[in-house]
Amino acid sequence: MAKVYDEVSRTFNEYLLIPKLTKRTDFPEKVSLRTPLTKYRKGEDPLIQLEIPFTSAIMQSVSDDTLAVALARQGGLSFIYSSQTIEAQSEMVRKVKEFKLGFVESRFNLTLESTLADVVRIKNTTDHTTITVTSDGCPHGELLGIITSRNWRIPKMDLRTKVSEFMTPVSELACGTDGISLEQAYDILWNHKLDVLPILKGKNLSSLVFRKDYFSDTENPHALMDEKKSYMVGAGVNTRDYRERIPRLVDSGADVLCIDSSDGFSEYQKDVIDFVRETYGETVKVGAGNVVDADAFYYLAEAGADFIKIGVGGGSICITREQKGIGRGQATAVLEVAKARDEYYERTGIYIPLGSDGGIVQDYHVTLALAMGADFVMLGRYFARFEEAPGRKYMLNGNYVKEYWGEGSNRAKNWSRYDKNDGSALKFEEGVDSYVPYAGPLKDNLMITLAKIKAAMVNSGCLSIKEFQHNATLTVISQMSLSESSAHDVIPKDQTF
């Protein structure tokens, strides 16, 4: 008969932390959230360490170059999604590595033949009002003009009006020259009382510098950067075209790779790791997963994975469990795999970082994942809500939402993730197409989450993630305890009668 675990498979919702003594000398500002991303030997330092324990999921609706820059600014790392052409993914990686602080590539561009209707469409779907007009409608074409919210007015103008009739032409713009410093660009902005400064290379648009970015560019002391002061970025790879994809990603500057798969306990993943080691030795770092038990961890550890992701079926858009009956409660999975990781470290002297991927809904779930042994978390829904995520923004029932879809959905067309390469649609989906509430800028939200994590660690008497993993005490709670954990037996003042 089949093997059956005696222990119930549990989720993060079923646990709480037990407070420990909080010392007078301990406060959130003293907490360090620095954590390893890649494996290392006892007594050595990991090649890559995160400033905060956050990575973004390898998903079309989450991790593009824009979000990668925003997250790296805060000390985390994005894995650019692999369910696109090798050329497109490599280009996203290149954009992150070549990104110059404060110099932003124009995201929304029109041509002289575009109309006010196109401007309104961009504004309504993205909430962006700064649009460049170039000769070819591309971000690096010849700059012909610029449009801001000051250039147009509804309903006073006809939606069929060509942008050439109301844009500010380049002849009337103050522009910077490619190669100037960020400080010089900001000086021009201030001297001319501008909100945006186009940077030109010859007649072509190179980038934009925004006044609103001035303070954010000076307030990110924990940005994740390489030795050349470029932002760090990861990239997802699959188990099909990795022989062609990985060299291109490495050439584009990817700092670390991660195999994107719904089930990491697979010989296909070992094949990818073997290829990396045979081709690059230990110079290229590659993570593997996902796993939910000790056997799978040991398999990937022996295969040579630089980090291992935990979680099958726990994502908010994942329906693997209900479709195939495969998976495990995320809390139980993290606890068992972390125990195996610690045993492996004691036996071999090699520490392999763990990422908890999926099953995180509330901010405190991140805290619990770290206490249970994860070194970092990988989040999809969390980041998909933010302005910088690639999903389109809509007004739905009076509220702004953003699109969010799973890599296991037919929309994603990520067949290689399921070792399917005949070009036909999936016979059944393991992910859904959905919306998530729009939450605004990444930084604003992430700062709140980090504050909660640090406060909980102080309540637990810990000032580092490693200390937290060793000293935290957890308790299983009942359904009644869960109900008691939220506001209850009162009438909230914001409740409508």
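Tyr242 is buried, at a relative accessible area of 8%; buried here denotes under 20% relative accessible area, exposed over 50%, and partly exposed the range in between, with a 1.4 Å probe and protein chains only. Phe275 is buried as well, at 9%.

Before I continue, a word on the source: this is a predicted model, in which local features need pLDDT of at least 70 and side-chain atom pairs count only at pLDDT 80 or more, while totals for chains, interfaces and linings use all residues. Residues are numbered from 1 along each chain as its sequence is written, and side-chain values use heavy atoms, leaving out hydrogens and water.

How many aromatic pairs does the structure hold? There are 16. Rings of Phe, Tyr and Trp (the six-membered ring of Trp) pair if their centres lie within 6.5 Å; planes under 30 degrees apart count as stacked, over 60 as edge-to-face, and the rest as tilted. The ring centres of Tyr242 and Phe275 are 5.6 Å apart with the planes at 70 degrees, so this pair is edge-to-face. Because Tyr242 belongs to helix α6 (residues 242-252) and Phe275 to helix α7 (residues 267-280), the pair ties together parts 33 residues apart in sequence. Helices are DSSP runs of H or I with at least four residues, strands are runs of E with at least two, and both are numbered from the N terminus.

Phe297 and Tyr344 form another edge-to-face pair, 5.9 Å centre to centre, with 85 degrees between the planes. This pair links distant parts of the chain, 47 residues apart: Phe297 is in helix α8 (residues 294-303) and Tyr344 in helix α10 (residues 330-348). Phe297 is buried at 0% relative accessible area, and Tyr344 is buried at 5%.

Phe54, Tyr382, Phe383 and Phe386 make up one aromatic cluster.

I turn now to the core. In soluble globular proteins, nonpolar side chains tend to be buried together. A nonpolar core is a set of buried Ala, Val, Leu, Ile, Met, Phe, Trp, Tyr and Cys residues joined through side-chain atoms within 4.5 Å. The largest one has 99 residues, of which Phe54, Leu257, Phe297, Ile308 and Phe383 touch the most other members. Helix α10 gives the most to this core, with seven residues. A second, separate core has 13 residues, among them Phe108, Trp152, Val163 and Phe166.
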